[in-house]
Amino acid sequence: KEILIKVENLKKYFKVGRREILKAVDDVTFNIYRGETLGLVGESGCGKTTCGRTIIGLYDATDGSVIFDNMDVHKIKGKKKKEIKKRAQIILQDPYASLNPRMTAGDIIGEGIDAHKIYIGKQKTNRIYELLNLVGLNEEHVSRFPHEFSGGQRQRIGIARALAVEPEFIVCDEPISALDVSIQAQIINLLIKLQKEFNLTYLFIAHDLSMVKHISDRVGVMYLGNLVELASSEELYKKPLHPYTQALLSAIPGMNAWNKTNKKRIKLEGEVPSPINPEPGCRFVSRCKLAKPICYQKIPQFREIQKNHFVACHLF
Ligand code: SF4
C-alpha cells in the first residue's frame with residue numbers, strides 16, 4: 001500500500017485567554033494510504049475536526065509534520081502550497097452554513113475551477129454540468145440558490161464543490177451528521193461511488209462509530225486530542241482493545257461481533273474533560289474503570305500491539 005499522507009507527532013494547540021492552552025490535537029501519528037477511507041471518530045471536542053483541518057493546512061501546526069506525497073504541508077510555499085490546496089479538499093458538516101447564500105450552485109462549484117484556472121468559458125460551464133450530474137443533480141440546478149435545495153442536495157453541492165478541482169484527498173468532516181437518517185445512506189453511497197470512480201482517498205470524520213462502519217477501511221478513535229486506537233474496520237469492530245473504544249461500541253446495540261459476546265453495556269460516565277491544560281497521565285483516566293496507578297502519571301504510548309492494530313493504553 002502506498003502512503004499518501006504521513007502525519008507525524010502532529011500537535012495543534014490554541015491559546016485561550018492569557019495562560020491557558022487548549023491542546024486540541026496532541027501528538028498524533030498515523031499514515032493515510034492512497035485510495036483508502038480512514039474513519040476518524042470521537043466525541044465532540046476530541047480534536048478530530050482540528051486534526052482534519054491541520055492535515056490539509058487550513059490550520060498551521062503547532063508542532064510535528066504532515067507529509068503529503070513528499071511535501072511538508074506546513075513548510076511549503078508558493079506554487080507547491082497552491083498545489084496542495086488543489087489536491088486536498090474538504091467537505092463540511094453543515095452544507096447550509098458552508099454555502100454562500102448569495103451565490104448560485106453553479107458559482108459555488110465554479111469558484112475553485114476559477115481559482116486554479118482549470119477550465120474557462122464554455123469548458124467551465126460543461127464541467128459544472130458534469131459535476132452536477134456526478135453528484136446526482138442536473139443542469140437545471142445550476143442557477144438556483146442554496147435555500148432552494150434540501151439538506152441532502154446542499155451536501156451534494158458541497159461534494160461537487162470539493163470535486164471541482166480534481167482532488168486526490170478529501171477530508172469529509174461529519175458530512176452526514178446534520179442530515180436526516182434517510183438521506184445519510186444516499187450521501188455515503190455517493191461518496192463511495194465517487195471514490196471508486198476517481199480513486200479518491202478520504203479521511204472520514206464522525207462522532208459515532210456506527211456512521212463510519214460502512215465506508216471505512218480503517219478506523220481511528222480519538223479522545224481528548226490523542227489518537228487512542230487505530231485498526232482495520234473489521235478488527236476494530238470485532239476486537240476493540242482500548243477501554244474507550246469498547247465503551248463506544250458497547251453503546252451501539254447489536255452492531256458488531258464484539259457486542260454479541262460482551263452484552264454488558266459499558267457506561268461512560270461523566271463528560272469528556274476539558275482539553276485546556278489537561279492533567280498528566282492518560283487522558284481517559286477519569287472515565288476508565290480499568291485505570292491503574294501508572295495511568296495517572298504517564299501518558300500511554302501509541303504503539304502497534306498487533307499487526308496494524310495500534311493502541312495507546314497501559315494495559316498492553
Ligand atoms: Fe484506562 Fe489506563 Fe488504559 Fe488509560 S491507560 S485507558 S486509564 S487502563
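A residue counts as buried when 20 or more other C-beta atoms lie within 10 Å of its own C-beta atom. By this criterion, buried residues account for 41% of the 316 residues of the protein. The structure described here is a predicted model.

**Overall form**

The chain folds into 11 helices and 12 strands. The C-alpha trace spans about 65 × 45 × 40 Å along the principal axes.

The UniProt record, an unreviewed entry, places the feature "domain: ABC transporter" at residues 5-249.

Strands of a sheet pair through backbone hydrogen bonds, in either a parallel or an antiparallel sense. In this model, 8 strands form an open sheet with mixed pairing, in the order β6-β7-β8-β3-β9-β10-β12-β11. Strands β6 and β11 stand at the edges; each has a single partner strand, so one side of each is left without a neighbour in the sheet. From one strand to the next, the twist averages 25°.

| Strand | Residues |
|---|---|
| β6 | 88-91 |
| β7 | 169-173 |
| β8 | 201-206 |
| β11 | 302-306 |

Within the sheet, β7 and β8 pair in the parallel sense over 5 bridges. Ile170 has Tyr202 of β8 as its bridge partner.

**Helix α1**

Helix α1 covers residues 48-55 and is mostly covered, with 7 of its 8 residues buried. The buried residues of α1 are Lys48, Thr49, Thr50, Cys51, Gly52, Thr54 and Ile55. Just after α1, Gly57 adopts a positive phi of about 85°.

**The ligand surroundings**

Around the ligand there are 13 residues, of which Cys282, Cys288, Ala291, Cys295 and Cys313 come nearest. The shell around the ligand divides into 11 nonpolar residues, 1 polar residue and 1 charged residue.

Key
Residues numbered from 1 in each chain as written. Predicted model: local features only at pLDDT ≥ 70, side-chain atom pairs only at ≥ 80, totals over all residues. Near = placed C-beta within 6 Å. Nonpolar A, V, L, I, M, F, W, Y, C, P; charged D, E, K, R; others polar. Pairing = 2+ DSSP bridges. Helix = DSSP H or I, 4+ residues; strand = E, 2+ residues; numbered from the N terminus. Axes fitted to C-alpha atoms, helices over the stretch in contact; angles between N-to-C directions. Buried ≥ 20, exposed ≤ 12 C-beta atoms within 10 Å, placed from the backbone. UniProt positions renumbered as here; feature names shortened; annotations may be inferred.
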